[in-house]
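Dear colleague,

I am handing over a structure that I have been going through, and I would be glad if you could look at it alongside these notes.

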Amino acid sequence: MAEEQVFVSHAPSDIDLVQELFSTVQNLYLDVHIALEEIEPGRSRQDLEGRLANSDLLVAVLSDEGATNGWVNQEIGYAVAKGIPILPLYTEGVEPDGYLQRHERVELDPDEMDVSVFNLLCRLRSELAPLGTLSTPNWFVRFPCNFESCGTAVTLDIGETQKKLWQMYDHNQALVATCEECDAGYFFNPATLGYVRREDPV
């Protein structure tokens, strides 16, 4: 899968929520741009137009603050004008209006982050699916083995469907990647793709 560009639009007050929501998503082979993380000192949010223009998807985080934030609404309008697909994430009590009424929503519950991240991943896989017969892209997470001084690149391939990943999560099963050099095992939460633990080789 080619590296896709995702722009995350949000209110300043939601930065902690957004960082938690995308902490594991950023480990995938995606180029995720979180608006307030992208602003360099002395620059304004207006300077992010190029990042948004080159994005394959805009994720709009619509909390009470996000839904009324001027920058979020401008970035949504820009995406609509440029034909960039939009994925809206709504917290409870926020209803879509305007152009967003045409987009399938994703519920965002800060008290149920595993479910929220899982639902986000479901929609990302759907929105960024390749054309043709493949309905979902195979994703992966690559990281260096940190057992002793191994350092070998380890890859967690994520070929399972979202339905299968949720079944694994529901049955307390983990995704596992093994270092080919030293046999250390790395376990991940199948709902969020978050790191859980390492099992050292015997």
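Predicted model: local features only at pLDDT ≥ 70, side-chain atom pairs only at ≥ 80, totals over all residues.

Residues are numbered from 1 along each chain as its sequence is written, and side-chain values use heavy atoms, with hydrogens and water left out.

The sheet: five strands make up an open, parallel sheet in the order 2-1-3-4-5. Strand 2 (30-34) and strand 5 (106-107) are at the edges and have a single partner strand each, so one side of each is left without a neighbour in the sheet. Here helices (H or I, at least four residues) and strands (E, at least two) are DSSP runs, numbered from the N terminus, and two strands pair if DSSP finds at least two bridges between them. Strand 1 (residues 4-9) is joined to strand 3 (residues 57-62) by four bridges, with V8 standing opposite V59; with strand 2 it pairs over five bridges, again in the parallel sense, and there V6 stands opposite V32. Strand 1 is mostly covered, as five of its six residues are buried, where buried means under 20% relative accessible area, exposed over 50% and partly exposed in between (1.4 Å probe, protein chains only).

The helix: helix 1 (residues 15-22) lies across strand 1, strand 2, strand 3 and strand 4 (86-90), and runs at about 170° to strand 2; axes are lines fitted to C-alpha atoms, for helices over the stretch in contact, and angles run from 0 to 180 degrees between N-to-C directions. Its buried residues are I15, L17, V18, L21 and F22. They cover an arc of only 160° around the axis, which puts them on the same side of helix 1, the arc being that of the directions from the helix axis to the C-beta atoms. The partners against which these buried residues pack include helix 2 (35-38) and helix 6 (113-127), with contact meaning heavy atoms within 4.5 Å.

In helix 2 you will find E38, which counts as buried at 18% relative accessibility. Leaving aside residues up to four places away in sequence, E38 touches V32, H33, L48 and R51. The C-alpha atoms of E38 and L48 are 7.4 Å apart, although the two residues are ten places apart along the chain.

Backbone angles: most residues other than glycine have a negative phi. N172 has a positive phi, near 55°, and lies in the loop between helix 7 (162-170) and strand 8 (175-178), where it counts as exposed at 75% relative accessibility. L193, also not a glycine, has a positive phi of about 65°; its place is in the loop between strand 9 (185-188) and strand 10 (195-199), and at 5% relative accessibility L193 counts as buried.

With best regards
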